Amino acid sequence: MAREVSRARTARRIAAGAAYGGGGLGLVGAAAVGLVLAEVQFAKRTVGTALGDPPRADGLYGSEFGRPGAGLEPGTVPLRLAMLGDSTAAGLGVRRARQTPAALLASGLAAVAERPVELRNVAVSGAMSDDLERQSGLLLDGELPPPDVCVIMIGANDVTRRMPPTQSVRHLTSAVRRLRLAGAEVVVGTCPDLGTIEPVYQPLRWLARRVSRQLAAAQTIGVVALGARTVSMGDLLGPEFAANPREMFGPDSYHPSAEGYATAAMAVLPTLCAALALWPESDRLEVSRHEDMLPVAKAASAAAGLAGTEVTAARGPWALLKHRRRRRVPTEDVSTPPPDPDPVPGSQVAGT
């Protein structure tokens, strides 16, 4: 409890600094942060494997729902889903488009909505939060209509490249505000737990976890105030990663495997659907599932420590802490994206 109170206090300070133009507010001591980041970078070099570019998954999913006789009103347009963020959002580490988290979410959304979903993924490997302005511009500045809903997964590179947390949150909230003003619902997958990287040892693993969770909580405070929802990425979404790292992590032991991305998508999908009022569960609290209404900072801190937890605004300074029931995302390829590209031999994409 004391740890959550301390995390909530730090997250409030970071979010306030982001909102009011504060400078680089430290998460932990500068020397400790330097040790953590050096260890993480060493781990990435130690386990790193040339992964090539992530496969392109843009296209139409659930096209069978748009066919004659599918029960839709004539002229129904597909739902528009956009994915923004870093290499986790891009799907670095898998070979097939349908294995990327964006494709899994598009397939799952189409199945729940029983409606085609058009996917655009503008996420870039190695991106930090300051690239979100460019990514959101790609979605909003062209001739295409804005997305109905956006999923953002960002934060790990901000930590490893030492972007001040107030600056990180400021860039994220700016992009979320722009997307919300354009009429899009927004779901943010907060900063993952860098303490899960296997070659990072104690006590640096504890420090990496602390840094990551403080930023995740601050991200939540910033974006929930704008009407977005967050899902805690935590230790890359659940105890499965700790119990089965060889299955859940990809060949570089840093990015998720296809099974890892499926686990992540399964945790994000309920919140994505709830944002569009498509999920069978309402935003009412279920006490039996340990859900609660808390001050935003406390809800953000609690979510940061429990992967897969949703935070959404309630009223005033309060937020809902939700643990939605997960559903297995469709595994069959129901999409019509461009063909999976062959990996480029010897290519390397740095960053997360």
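Mentor: Among contacts in the chain (heavy atoms within 4.5 Å) between residues at least 6 apart in sequence, 80% join residues at least 24 apart. This is a predicted model, in which local features need pLDDT of at least 70 and side-chain atom pairs count only at pLDDT 80 or more, while totals for chains, interfaces and linings use all residues. Residues are numbered from 1 along each chain as its sequence is written, and side-chain values use heavy atoms, with hydrogens and water left out.

The chain has 12 helices and 10 strands; these are DSSP runs numbered from the N terminus, helices (H or I) of at least four residues and strands (E) of at least two. Of its 352 residues, 56% are buried, where buried means under 20% relative accessible area, exposed over 50%, and partly exposed in between (1.4 Å probe, protein chains only).

The part to look at is helix H5, residues 132–140, beside helix H7, residues 165–181. Two packed helices are described by the angle between their axes and the distance between the axes. Here the axes come within 9 Å and cross at roughly 10°. An axis is a line fitted to C-alpha atoms, for helices over the stretch in contact, and angles run from 0 to 180 degrees between N-to-C directions. H5 and H7 are therefore roughly parallel to each other: angles under 35 degrees count as such, over 145 as roughly antiparallel, 65 to 115 as roughly perpendicular, and the rest as oblique. The crossing of H5 past H7 is right-handed, that is, the near helix is turned clockwise from the far one by less than a right angle.

On the H5 side, Leu-132, Glu-133, Ser-136, Gly-137 and Leu-140 take part, and they meet Leu-172, Ala-175, Arg-178 and Leu-179 of H7. By class, this contact has 5 nonpolar, 2 polar and 2 charged residues. Ala, Val, Leu, Ile, Met, Phe, Trp, Tyr, Cys and Pro count as nonpolar, Asp, Glu, Lys and Arg as charged, and the others, Gly among them, as polar.

The buried residues of H5 include Leu-132, Gln-135, Ser-136, Gly-137 and Leu-139. H7 is one of the elements against which the buried residues of H5 pack, and E2, E3 and E4 are the others.

Leaving aside neighbours within four places in sequence, Ser-168 is in contact with Ser-129, Asp-158, Met-163 and Leu-215. In the loop between helix H6 (156–160) and H7 sits Arg-162, which has a positive phi of about 65° although it is not a glycine. Most residues other than glycine have a negative phi.

Now the wider setting. In the largest nonpolar core, of 36 residues, Leu-81, Leu-105, Leu-109, Val-151 and Leu-272 touch the most other members. A nonpolar core is a set of buried Ala, Val, Leu, Ile, Met, Phe, Trp, Tyr and Cys residues joined through side-chain atoms within 4.5 Å. Elements that give two or more residues to this core include strands E2 (79–85), E3 (117–121) and E4 (149–153). Helix H11 gives the most, with 9 residues.
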